[in-house]
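Q: I'd like to learn how to read a ligand site from a structure. Can we walk through one together?

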Amino acid sequence: MTSHAHVNHMPAIPLYGPDFAAHPQAVYARLREYGQVAPVDIAPGVGAYLVVGYRAALDLLHDTATWSKDPRAWQATVPPDCPVLPMLGWRPNPLTSDGETHARYRRVITDAFAMIEPHTLRAETARAADSLIRRFAAAGTADLVAGYARPLPLVLFNQLFGVPYEDHDRLLAPMAGMLEAQNPEEATRAGAEFEEYVAELVAVKQRRRGPDLISRYLDHPAGLSAEEVVHHVVLTLAAGNEPTANLISNALSRMLSDDRYFSSLAGGALTARDAVHDVLRNEPPLANYGAHFPRTAVDFHGVRIQAGQLVLVSYAAANTTPDGLPPGPRTDGGAHLAWSAGPHACPVRGHALLVATTAIEQITSHLCDLEPTVPRSRLPWRPGPFHTALAQLPVRFSPVHPEQAGITPWTEGPAAGPAPS
Ligand code: HEM
């Protein structure tokens, strides 16, 4: 679909650029004027339909007879350098597969993660957290996005993939390059380095297995080829890294700017878990995703959608308009779609929750007088149609020196690479 063919010939609303990043709820309010489904542009000249209603989102996510996750027909209609292809293009992995293939691929990931004991995951997360905190603890200031929330899942995944500590930067550097790159050449180069690194890692594990995720992917009875394993490792990193980083930084920023959390340090009223649930409902890290394509032309909540057209689900908009939910106060924190729903819902939400809450608890207990240096309303957000992502979270705190005996539980072990410049 191009940006000219739209519902009722009304203009598509852009989901890229600084306006959407700064005021997403204002944009969702405009989109709701179209009804349950609205026309958007996710990049210049790349149109899509966005499902903004909770009920319509559930209808779509559970109806695999009508909707496919396979993007190949749509992909053939966009240029090969289309900037959203890295997020939406086909790969042999669960995210872009249907039916039996999907079930086979997904089982590899769920079975491998099921073998990680919660206490091990908590301990590994705490170790990754400590190695990062050591890099800035003595400074008394830090940007908790660049220095903590974003590198933390990467350091953790390196551990879970069985990468020796001294090799961590080989993954961290190209991942940072891909995420930060301002120009396509740099992003492409970083992307190639990253895939090369993962392919090398898989080759090493093919020769010598260990007690790690990649070895479990290789040995799974589903019998993935080495190439499929590479794609599953890439998906694990891509799906696990950004949303987890955003869950941590969005929740930390809420905690640090909300007196209810601040006073609860003494009173115990609200916890890291509450902040995480607040974010899942009100600022879901994956804001708009869930790419689907109708198998044949379909009338969906009043909109005619042609076969193969791109339809995305706005978890963020649907969460904040819970039509179809029972009214009144809720004791469960409210139903939400932050993990999506249906057969493609996040397969490791328990693990992700444990990582996020541990990461938050670890830093707030080591640096207990953390204070934001910029009010939350003035914090910058990263542009992009898919995520809700803080660009920075500058803080100050009383400096803590590694040699302060009894104060720093992280004196053991090396720091994770050089401090950010
Ligand atoms: C340990 C970290 C994580 C890993 C390894 C991971 C992995 C995955 C994988 C493999 C899928 C694809 C499932 C399928 O297609 O059947 C997926 C889907 C999804 N995950 Fe996670 N995830 C992680 C953390 C998160 C976090 C923190 C969030 C946000 C709260 C999240 C939200 C989602 C959503 C919304 C989907 C559906 C994808 C879509 O919209 O198409 N995940 N995840």
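This is a predicted model: local features need pLDDT of at least 70, side-chain atom pairs count only at pLDDT 80 or more; totals for chains, interfaces and linings use all residues.

Q: Which elements give two or more residues to the shell around the ligand?

A: Those are α6 (99–114), α13 and β6 (288–294). Helix α13 gives the most, with seven residues.

Q: How many residues surround the ligand, and which are the closest?

A: There are 30, and the closest are H102, R106, G290, Y315 and C346. By type, the shell splits into 21 nonpolar, seven polar and two charged residues.

Q: Where does the ligand lie relative to domain 1 and domain 2?

A: Check which domains give residues to the shell. Here domain 1 (1–85 + 287–337) and domain 2 (97–283 + 339–421) both do, so the ligand lies between them.

Q: Back to α13: what span should its 32 residues have?

A: For a helix, count 1.5 Å a residue, taking one less than the number of residues. For α13 (residues 226–257) that gives 46 Å, and its end C-alpha atoms are 46 Å apart, which agrees.

Q: And is α13 mostly covered or mostly uncovered?

A: Mostly covered: 27 of the 32 residues in α13 are buried.

Terms used. Residues are numbered from 1 along each chain as its sequence is written. Side-chain values use heavy atoms; hydrogens and water are left out. Helices (H or I, at least four residues) and strands (E, at least two) are DSSP runs, numbered from the N terminus. Buried means under 20% relative accessible area, exposed over 50%, partly exposed in between (1.4 Å probe, protein chains only). A residue is near a molecule or strand if one of its heavy atoms lies within 4 Å of it. Ala, Val, Leu, Ile, Met, Phe, Trp, Tyr, Cys and Pro count as nonpolar, Asp, Glu, Lys and Arg as charged, and the others, Gly among them, as polar. Domain bounds come from an automatic or database domain assignment.
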